[in-house]
Structure formats: C-alpha cells, structure tokens
Amino acid sequence: MPVLTTQVKKDKSFHGEDSETQQHGSNTTKVQLQSVTKTYANGTHALLNANLEVKKGEFLFITGPSGSGKSTLLKLLYGQELPTQGEVIVDECNVADLRGDRLSLLRRRIGIVFQDYKLITQRTVAENVTFVLQAQGYTRKEIQRRLEPTLKLVGLLSKADCFPDQLSGGEQQRVSIARAIVGTPPLLLADEPTGNLDPDNSWQVIQILQKLNSFGATVIVTTHDEQLVRRCNHPVVQVRNGRLSRK
Ligand SMILES: Nc1ncnc2c1ncn2[C@@H]1O[C@H](COP(=O)(O)OP(=O)(O)O)[C@@H](O)[C@H]1O
Ligand SMILES: [Mg+2]
C-alpha cells in the first residue's frame with residue numbers, strides 16, 4: 001500500500017512556533033495502518049486489511065463513495081473507534097494502547113473538521129474557536145495571542161463576534177477549521193469538509209487546508225468530489241468497500 005513521498009517542511013506555523021518536523025528524530029512517518037480490519041458490532045466490515053503510511057508534512061486525499069469506509073479510517077486515527085485487527089499508529093504510538101490522559105494528549109495533537117461544522121449555536125465565532133483552548137487551561141493571554149492570526153488565516157477576523165446562524169455555510173466551515181487549528185495540531189483530519197459547500201466555497205476550504213500544510217501540518221482529507229481532487233496535485237488513496245488502493 002501507498003508509501004507516499006516525503007516532503008520536507010518549511011515554514012513556521014501561523015502562530016510563530018517551529019513546525020514539529022524534528023520532534024521525532026529521523027522517523028518521518030506520521031500515520032500508519034498495518035493490516036487493519038474494522039468490523040462493527042453489527043457485523044459490517046468497514047475496512048478490510050488496510051495498509052497505509054502517511055509521512056509528516058504530506059497532504060493526502062482519501063476518496064470513495066458513501067459507505068466505503070472513509071470516516072471509519074479517520075475515526076481509527078483519532079481513537080474514536082478501535083481496529084478489530086491490525087494496528088493503527090499515530091506519532092509512533094499504537095492508538096489502541098492509549099487510554100485516559102495519553103489518549104487526550106494524542107487528540108490534542110489532532111485537529112478535526114467535519115462536514116456539518118458542529119459549531120455551538122449559542123456561542124460567537126471567537127468563543128467557538130477558543131472554547132477548546134479554555135477547556136485545556138490555556139491562559140487568556142495565550143488564547144488572545146492565538147485567536148487573531150487564526151481568524152485571519154480563515155478570513156473571518158471581521159466576524160469574530162457573529163453567531164453561527166449569522167454566517168454562510170462556507171463561513172461556518174471556516175470557523176470549524178479555525179477551531180480545529182487554533183491549538184496548532186501537527187495532524188489535521190478533515191472528513192468531507194466540502195460536502196455541504198458549493199464549488200467556490202469548497203475551493204476556499206481546500207486552499208486553507210493547503211496553507212496549513214505549507215506551515216508543516218500533515219493533512220488528510222476525505223472527499224467524494226473528484227473534480228476537487230483533480231484540481232489539486234496531491235496523492236490520492238481510494239477506498240472501495242473497505243479496501244484501500246492508490247490512485
Ligand atoms: N457505528 C457503526 N456501526 C455499524 N456500522 C457502521 C458504523 N459506522 C459506519 N458503519 C458502516 O461501515 C461502513 C463504512 O462507513 P463509513 O466509514 O461511515 O463510510 P464513508 O465515510 O465512506 O461514507 C458503512 O457500511 C457503514 O454503514
Ligand atoms: Mg463518511
């Protein structure tokens with residue numbers, strides 16, 4: 001299965017920190033699936049003997065029709081689901097071995113974007129974006145330091161005090177990206193982030209994800225939008241009935 005090309009990273013993050021490229025010495029593998037099968041309790045085989053390696057700093061598309069196993073693959077990476085067989089390795093840790101604090105720590109290093117945004121409707125854009133940092137005990141000063149460049153990056157600085165229902169779908173999705181990246185996670189997972197958006201807004205979202213990738217984040221995006229994938233020059237893994245293949 002795909003062993004995808006390594007890209008050497010580059011810039012500082014948009015918050016000014018060094019990218020994490022050197023943190024794990026010479027090992028540049030970010031994510032690995034080794035012979036992973038996922039069978040849900042009702043007997044559905046969502047993934048079958050899946051192998052995948054994603055290097056640090058890569059931008060990978062995962063495509064496939066509805067029900068093929070794309071979301072399951074991402075859920076395995078952040079530990080929402082555990083494999084039935086095989087190993088899921090993120091940052092050299094076997095996700096199945098992580099419990100409690102260690103699983104929380106891994107999840108802090110993963111930003112997640114969903115198709116349906118999952119914003120808190122009673123909170124402003126700024127509050128939605130900073131909520132997780134508050135829960136993680138960041139100081140007010142640090143939260144303020146991060147908020148502005150994050151909103152700027154997604155083009156929503158002027159909307160900081162708006163509520164989600166005052167925003168377009170594209171803007172709401174950009175808020176959810178801001179929320180996912182405000183803690184500078186080195187791994188960003190986006191599950192059909194453009195699924196509810198028109199082509200212009202979809203392209204904006206992809207451009208933001210590409211920008212984050214240029215700052216050093218490893219980015220994995222699922223989509224069934226073939227046109228969008230063709231417009232970008234990134235590696236593509238296809239899922240069909242739970243089986244992965246390189247396109
Ligand atoms: N929690 C679950 N319990 C049982 N079956 C599930 C569950 N989640 C997903 N599935 C099934 O697993 C398969 C893959 O689903 P999913 O990973 O969501 O695919 P995709 O994201 O590509 O649409 C589908 O057949 C789906 O119905
Ligand atoms: Mg899905």
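Two strands pair if DSSP finds at least two bridges between them. Strands (E, at least two residues) and helices (H or I, at least four) are DSSP runs, numbered from the N terminus. The model shown in these views is predicted; local features need pLDDT of at least 70, side-chain atom pairs count only at pLDDT 80 or more, and totals for chains, interfaces and linings use all residues. Residues are numbered from 1 along each chain as its sequence is written, and chains are lettered from A and ligands numbered from 1 in the order in which they are written.

View 1. β9 (residues 236-240) pairs with β10 (residues 243-246) in the antiparallel sense, over four bridges. Q238 has S245 of β10 as its bridge partner. Two residues lie between the strands of this hairpin, and N241 takes a positive phi near 50°. With β3 (residues 59-63), β9 pairs in the parallel sense over three bridges; F61 stands opposite V236. V237 and V239 make up the covered face of β9, while V236, Q238 and R240 make up the uncovered one.

**View 2. Packing of helix α3 against helix α4.** The axes of α3 (residues 125-135) and α4 (residues 140-153) are 10 Å apart and at an angle of about 135°. Axes are lines fitted to C-alpha atoms, for helices over the stretch in contact, and angles run from 0 to 180 degrees between N-to-C directions. The two helices are therefore oblique to each other (angles under 35 degrees count as roughly parallel, over 145 as roughly antiparallel, 65 to 115 as roughly perpendicular and the rest as oblique). From α3, A126, V129, T130, L133 and Q134 meet I143, R146, L147, T150 and L151 of α4, where contact requires C-beta atoms, placed from the backbone, within 7 Å.

View 3. G137, which follows α3, has a positive phi, near 85°.

**View 4. Surroundings of Q115.** Q115 lies in the loop between β6 (110-114) and α3. With 18 other C-beta atoms within 10 Å, Q115 is partly exposed. Leaving aside neighbours within four places in sequence, Q115 is in contact with D191, E192, P193, G195 and N196. Q115 and L197 are 82 residues apart along the chain, and their C-alpha atoms are separated by 9.1 Å.

Note on methods:
Two residues are in contact if their C-beta atoms, placed from the backbone, lie within 7 Å. A residue is buried if 20 or more other C-beta atoms lie within 10 Å of its own, exposed if 12 or fewer, and partly exposed in between; C-beta atoms are placed from the backbone.
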